[in-house]
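Hi everyone, thanks for coming.

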Amino acid sequence: GSGKLNEAMELYQQVIHAASTGPLSLSIGWAWGGLGTLLLKRGQLAEAETHLMNATRLEPNTLNWWESLSEVFQLEKKLVAAEKASKQALIIKPDSARSLYQVASVGLSLFHYSEAKDGFKKLLEIQPEYLPGKKGLAEALLFEVRAALADNAPEGTLELIIQAASLAEQCVHANKELVSLWKLHADILTFAYSLPSTVASIEIKCKLLDQGAASFMEAFHRQSLPSFRVDYAVNRIHRYRLTADPSNRSKYLIEAETEVKQAIESDPSNSSFWNCLGIIYLDKEKKKSQHCFSKAIECDPKNLSAWNNLGALALLQNDLELAWECFFSAQSIDHLDPSGWLGAALVMEMLESGPQVIPSYSKQALDSYEQAQELMLPRYGWLGLGFTSLVNGQFAESSFAFGVANSLASLDLASLNALTLSFEAQGLLSNALTCIEKVVNGSSLPSVSPQQQHPVVTLAQTTETDLLAATNTKARILCHLGRFSESLETASK
């Protein structure tokens, strides 16, 4: 109890005081360490750090002092120091489960996903049924998938998602009442939506999404948090977007709307809930969508996503003044947010092509696209640079930009279409034909990256209409090349 804890602390303090004032010759590292671990249990982190540092200096080969010190550093968010302390503990005992877990978990926090994954695997080799180890490995695999998609390297990501989901499922079966395990299982399965079509079919994604929805409900039944309703709703929105049959797909959006509205009833000032409801209304009731995005901003003026979403909606409605205000606000909140720069560039492109042409907009659009390219949406930054250069007659620059955009995605129809137009404008008809044939012969639409879920980005997405336009473009180029019979045959398809 607390009485014995206080007695132990008093004893340690007496030993330390006696050693500091008298001729005590033997090492008192054990007293510093013991007092430090007790202070850690009481949450007195600053004092615990001081005492454990003293203990490691006096008894550098005592495993417990280094492991406890690492725990203190983790709680203080001193992650690099925590990693060093854990690695020092592993030198003393390489098979220490506590140290292996500490190194791996800190690695996750430091974005060292590969190291974290290896650490959790080594831990599970020692203790195969160690629940935190399985949970940690599942999280590491999910982070690895996210990093791979961000680097445009999707190969093998479906297998990683399945492995992570299997580990999370094992954790759930081991402790069905732990809500965080159900939530992790659901998050992993829901993230499968972000996988490109080159590695996961629509059928597979739908199956995984449905399993994820069931896990979100399990989590909600155990702990009725409004956020779980919204998580479930996001899952259903993804399911709606993957369903082609109009008679079936509407039910998913109705489910999502119902859950988010109930979440808002529980927490009406939650900005992210209003933002989610706005996304639900985006396809069918744009006035309600605008109201929800505005309400999200009213609840939290620094909600970056809501500003960008409202700006994208304003763009769709050709309200350029409101769109500019929204994207400018987004940039003021986070100048490193790529969507704000991309949205601003789209506004300026539309202003330039409108009835009141202002020459400076072209340069501003280029600058904004460059910002987007340098941040997290490189493909769209390069596409924007290419289109703006093409409009300005800078054909060589546009060809280079479209080529880079195409290299950032597998069978990127938008980039290849644009590159075709650039080559055609330069009279490089053979090159143009090569590009457009890749589009026409493509068996599927380009893969959808995680960033494409943002409404700003969906304005630049390729559709089936682009494939039809590409066929007409091919026919036109064949005609210019004097290959009239082939042109006629292509146009008649």
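Let's begin with how an axis is drawn: it is a line fitted to C-alpha atoms, for helices over the stretch in contact, and angles run from 0 to 180 degrees between N-to-C directions. The helices themselves (H or I, at least four residues) are DSSP runs, numbered from the N terminus.

A quick word on where this comes from. This is a predicted model, where local features need pLDDT of at least 70 and side-chain atom pairs count only at pLDDT 80 or more, while totals for chains, interfaces and linings use all residues. Residues are numbered from 1 along each chain as its sequence is written, and side-chain values use heavy atoms, leaving out hydrogens and water.

Now find helix α4, residues 63-75, and helix α6, residues 97-109: their axes come within 10 Å and cross at roughly 25 degrees. So α4 is roughly parallel to α6, a label for angles under 35 degrees, with over 145 being roughly antiparallel, 65 to 115 roughly perpendicular and the rest oblique. Which residues make the contact, meaning heavy atoms within 4.5 Å? On α4 they include Leu-63, Glu-67 and Gln-74, and on α6 they include Arg-98 and Val-106. By class, this contact of α4 with α6 has two nonpolar, seven polar and three charged residues. Here Ala, Val, Leu, Ile, Met, Phe, Trp, Tyr, Cys and Pro count as nonpolar, Asp, Glu, Lys and Arg as charged, and the others, Gly among them, as polar.

Next pair! Helix α2 (residues 29-41) packs with helix α3 (residues 45-58) at an angle of about 155 degrees, their axes 7 Å apart. That makes α2 roughly antiparallel to α3. Trp-32 and Leu-39 are among the α2 residues meeting α3, where His-51 and Leu-58 are among the partners. The contact of α2 with α3 divides into nine nonpolar, six polar and one charged.

On to the cysteines. How many disulfides are there, counting pairs of cysteine sulfur atoms within 2.5 Å? The count is zero. Take Cys-292: its sulfur is 9.8 Å from the closest cysteine sulfur, in Cys-276, so that is too far for a bond. Cys-292 is also buried, at 2% relative accessibility, where buried means under 20% relative accessible area, exposed over 50% and partly exposed in between (1.4 Å probe, protein chains only). Cys-171 is buried too, at 1%.

Last stop: Ser-329 sits in helix α17, residues 320-333, and is buried at 13%.

Note on methods: A disulfide is a pair of cysteine sulfur atoms within 2.5 Å. Helices (H or I, at least four residues) and strands (E, at least two) are DSSP runs, numbered from the N terminus. Contact means heavy atoms within 4.5 Å.
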